[in-house]
Amino acid sequence: MANITPISTESCKIGFIGAGKMAESIGRGVINSGVLPASNVRTAHLGLRRTVFESFGTKVFDQNSQVVQDSDVVIFSVKSQVVKDVVLQLRPLLSEKQLLVSVVAGVKLKDLQEWAGHSRFIRVMPNTPAAVGVAASVITLGDAATKEDGELISKIFGAIGKVWTAQEKLFDAITGLSASGPAYIFLAIEALADGGVAAGLPRELSLGLASQMVLGAASMAVSTGKHPSQLKDDVASPGGTTIAGIHELEKAGFRGILMNAVVAAAKRSQELSMN
Ligand SMILES: NC(=O)C1=CN([C@@H]2O[C@H](COP(=O)(O)OP(=O)(O)OC[C@H]3O[C@@H](n4cnc5c(N)ncnc54)[C@H](OP(=O)(O)O)[C@@H]3O)[C@@H](O)[C@H]2O)C=CC1
Ligand SMILES: O=C(O)[C@@H]1CCC=N1
């Protein structure tokens, strides 16, 4: 605990280990939000992803070791299957001077702390809407992470969406719902747009209407405080169009399918943590 010094929110440098889709979404969101300047965000890559990160101002090194040496907050954003090797390789460079963060699905703090050799660690489960400032992120603190560390990470992730704190035992379910969930909704948007095309709409108009409709429905669910069943009833007129559509969805088991998707993804997250 002796080496734990507070990290200043204003001057903090964050580094991503793993220049993938999730790191890109967080990096873009953070820079666009203005919570940190682009010069304070870094990663490492030798391939095509270098250009992607450089396009929004991120400093891109050749080596992970350079990222660690030049960051106050190190965010591990590699796949679950490789994170152990990556953390173990970097372990000689890791100290409690840095706050370590993992956004990796299905890998527990207990293991991350053991591989890193210290427990100033925070686990975050974000989602890709971070890129446009509308993430849903959940955080849980490791053994040596301080209250100030938690506040710093809440501030950074709060700049790119909403942040909740939850016990780590809920992380598999959170992963199945809010981290994987954007993909379910993108699938739904695509299918709804196909439905519009099948009903005679031009493709571009159909996709625009489907996307804006989902945005509007989600905004109402978030901002009105009304239960979704009430909001649904407000749309469905007796003998009208909506109830005819809902009848088809219910006959096909729409709600059960969505529930099953979340439970299957949560189960997969749990399986990953056993590898
Ligand atoms: N995508 C999402 O919506 C979400 C993802 N997550 C979590 O975020 C993490 C990253 O996911 P995502 O960004 O989607 O995955 P990606 O596959 O897009 O990104 C992983 C990146 O890690 C890189 N990588 C692989 N090995 C190493 C290494 N040894 N050192 C440095 N980089 C390496 C890969 O590079 P290369 O391509 O060159 O191999 C790739 O760019 C995962 O653990 C996932 O569970 C969490 C919430 C949501
Ligand atoms: O599909 C995955 O494994 C990652 C974790 C949550 C979203 N994407």
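## Exercises on a predicted model

Phe121, Arg123 and Met125 point one way from β6, Ile122 and Val124 point the other way, and all are buried. The model is predicted. The predictor assigns the complex an ipTM of 0.98 and a pTM of 0.96. The protein chain has an average pLDDT of 96, and 99% of the residues score at least 70.

### Exercise 1: strand β6

**Task.** Decide how many of the residues of strand β6 are buried, and what follows for the strand.

**Solution.** 
1. Start from the cut-off: a buried residue has 20 or more other C-beta atoms within 10 Å of its own.
2. Apply it to residues 121-125. Five of the five are buried.
3. Draw the conclusion. β6 is therefore largely enclosed by the rest of the structure.
4. Now sort the side chains. In a regular strand they alternate between the two faces of the sheet.
5. In β6, Ile122 and Val124 point one way, and Phe121, Arg123 and Met125 the other.

### Exercise 2: the neighbours of β6

**Task.** Find how many bridges join β5 to β6, and how many join β6 to β7.

**Solution.** 
1. Pick out a pair: leucine 100 has phenylalanine 121 of β6 as its bridge partner.
2. From β5 the chain passes through helix α5 (residues 109-116) to β6, a right-handed β-α-β crossover.
3. Turn to β7 (residues 135-141).

### Exercise 3: helix α7

**Solution.** 
1. Name them: Phe171, Asp172, Ile174, Thr175, Gly176, Leu177, Ser178 and Ala179.

### Exercise 4: two ligand shells

**Task.** Describe the residues around ligand 1 and ligand 2 by class.

**Solution.** 
1. Ligand 1 is surrounded by 24 residues; Gly18, Gly20, Met22, Val104 and Ala105 are the closest.
2. Helices α1 (21-33) and α4 (80-90) each give two or more residues to this shell.
3. By class, the ligand 1 shell has 13 nonpolar, eight polar and three charged residues.
4. Around ligand 2 are Ala105, Thr175, Ala179 and Ser180.
5. That shell has two nonpolar, two polar and no charged residues.

Methods: Residues are numbered from 1 along each chain as its sequence is written. Chains are lettered from A and ligands numbered from 1 in the order in which they are written. This is a predicted model: local features need pLDDT of at least 70, side-chain atom pairs count only at pLDDT 80 or more; totals for chains, interfaces and linings use all residues. A residue is near a molecule or strand if its C-beta atom, placed from the backbone, lies within 6 Å of it. Helices (H or I, at least four residues) and strands (E, at least two) are DSSP runs, numbered from the N terminus. Ala, Val, Leu, Ile, Met, Phe, Trp, Tyr, Cys and Pro count as nonpolar, Asp, Glu, Lys and Arg as charged, and the others, Gly among them, as polar. A residue is buried if 20 or more other C-beta atoms lie within 10 Å of its own, exposed if 12 or fewer, and partly exposed in between; C-beta atoms are placed from the backbone. Two strands pair if DSSP finds at least two bridges between them. A crossover is right-handed if, with the strands pointing away from the viewer, the path from the first strand over the helix to the second runs clockwise. pLDDT is the predictor's confidence in each residue, from 0 to 100.
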